[in-house]
Amino acid sequence: MIAERILIEKTLTKQAKDIADKVFSGGRISSEDCIYLFNEADLSMVGMLANHIRNNKHGKRTYFNRNFHIEPTNVCIYTCSFCSYSRLIKKREEGWEYSHDEIMDIVKSYDEKPVTEVHIVGGVLPQYDVSFYENLFQAIKAHRPDLHVKALTPVEYHYIFKKEKISYKEGMARMKEAGLDSLPGGGAEIFHPEIREQIAGDKCTGDQWLQIHEIWHQLGARSNATMLYGHIEKYEHRVHHLEQLRKLQDRTGGFQTFIPLKFRNKGNQMSHLAEVSVIEDLKNYAISRIYLDNFDHIKAYWPMIGRTVAQMSLSFGVDDVDGTIDDTTKIYSMAGSEEQNPALSTAELVKLIRSVGLQPIERDTLYHVVNDFSSSQFEEDGLNGYLSLPVV
Ligand code: V47
Ligand code: SF4
């Protein structure tokens, strides 16, 4: 702390010092401060501040979970220009459209594995309607009641509730009743209409996304939030996005984690845009950590940025790495991620976290501790033996 202070006094501008003072006194930075950090601050300064907050909130604890993804279809009626799925609507035979039974077969294929969560999200198609998802959630819960169902985004919910002619409130209550446990953070993209209209103009608006999460939180349930960055947005749009999330979180407290998603440029309508640098990724993680003071967790989604950058992000405010995944998501490999078959074993994930001096904690979706891999009981060379640990 003293070394940090000396560095601040010697090297920072007045505005940067004010921001650092706010952070070190546990205060909240303003949206103007946030714009300043994006435009002016260097990586080491935001990294130091973000790390300070991360340490205060979590010490060396670093979370991960054991999950698998199901993408019911990779075909979509919408035409988001960053998405490698939407182009398939014209050649549906190249995509997949799983039936209820095929999805249940995937769920059942994990019966012997100690996963705690299924993450379900994919394209939007008319056959996947309210009753399809009600039946699916009920069937998953009947088959494996302790498996946490984290499924669908306001993009799907807005579409299926409109088709069914029911309100968001009624729709979300029905989903909860059917067995939905939480909402993933997808579909948020960039809330600002100036950008959203250009990259995702035909799906739910930013306000509708926020409204559905608010209703879900009012039902006593939790959700995540994302931001798709590094395409045509400016820093002002990122800060507007973060501002909307912070305000909603002040009202409900229902968000668990914020997941920045880096735009990848392969196989979509925005392939002409260059991807942003790793420095920009780390800066974005750090500034998100500093600005979103009311979010407990910042998560790195390693299939999107690669495991090395995910590991580096742990020194820039990130405290959570998603997840073991088991090669069950295609959205990023199709969009050009270096992780073409994303799967990390529990042992690999534990090693990845330990090798930067942090303490790996396996959590469930709601951040209850499942296994504390920092305890001496879990020695490095014995890790493989713990792959089949029962979920406690
Ligand atoms: O909403 C699509 C993004 C999201 C691209 O809540 C792209 O735990 C970059 O939300 N480049 C879906 N991003 C994934 C998602 C998610 C992932 C992991 C964990 C959680 C969670 C949520 O993927 C979409 C969109 O923003 N996306 N195409 C692309 N080319
Ligand atoms: Fe469809 Fe989602 Fe892709 Fe948009 S991002 S085209 S809504 S799958």
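What follows is a quick chat about the ligand site and then the chain.

Modeller: Keep in mind that this is a predicted model.

Colleague: Okay. Which residues come nearest to ligand 1?
Modeller: Phe-82, Lys-150, Gly-185, Gly-187 and Glu-189. They belong to a set of 24 residues around ligand 1.

Colleague: What does the backbone of Phe-82 do there?
Modeller: A backbone N or O atom of Phe-82 sits 2.7 Å from a nitrogen atom of ligand 1.

Colleague: And which glycines have a polar backbone atom by a ligand oxygen?
Modeller: Gly-187 has one at 2.7 Å from an oxygen atom of ligand 1. For Gly-186 the distance to a ligand oxygen is 3.2 Å.

Colleague: How much of ligand 1 does the protein bury?
Modeller: 96% of the 630 Å² that ligand 1 exposes when taken alone.

Colleague: What's the shell made of, by residue class?
Modeller: Eleven nonpolar, seven polar and six charged.

Colleague: Switching to the whole chain. How many helices and strands?
Modeller: The protein chain has 16 helices and eleven strands.

Colleague: What share of residues is buried?
Modeller: 58% of the 392 residues. The accessible surface of the chain is about 15,600 Å², with 51% of it on carbon and sulfur atoms.

Colleague: And what about contacts across the sequence?
Modeller: Take contacts between residues at least 6 apart in sequence. Of those, 73% join residues at least 24 apart.

Terms used
Residues are numbered from 1 along each chain as its sequence is written. Chains are lettered from A and ligands numbered from 1 in the order in which they are written. This is a predicted model: local features need pLDDT of at least 70, side-chain atom pairs count only at pLDDT 80 or more; totals for chains, interfaces and linings use all residues. Side-chain values use heavy atoms; hydrogens and water are left out. A residue is near a molecule or strand if one of its heavy atoms lies within 4 Å of it. A polar contact is a pair of N or O atoms within 3.5 Å; within protein, one must be able to donate a hydrogen and the other to accept it, and residues adjacent in sequence count only if both atoms are side-chain atoms. Accessible areas come from the Shrake-Rupley method with a 1.4 Å probe; for residues, only the protein chains shown count as cover. Ala, Val, Leu, Ile, Met, Phe, Trp, Tyr, Cys and Pro count as nonpolar, Asp, Glu, Lys and Arg as charged, and the others, Gly among them, as polar. Helices (H or I, at least four residues) and strands (E, at least two) are DSSP runs, numbered from the N terminus. Buried means under 20% relative accessible area, exposed over 50%, partly exposed in between (1.4 Å probe, protein chains only). Contact means heavy atoms within 4.5 Å.
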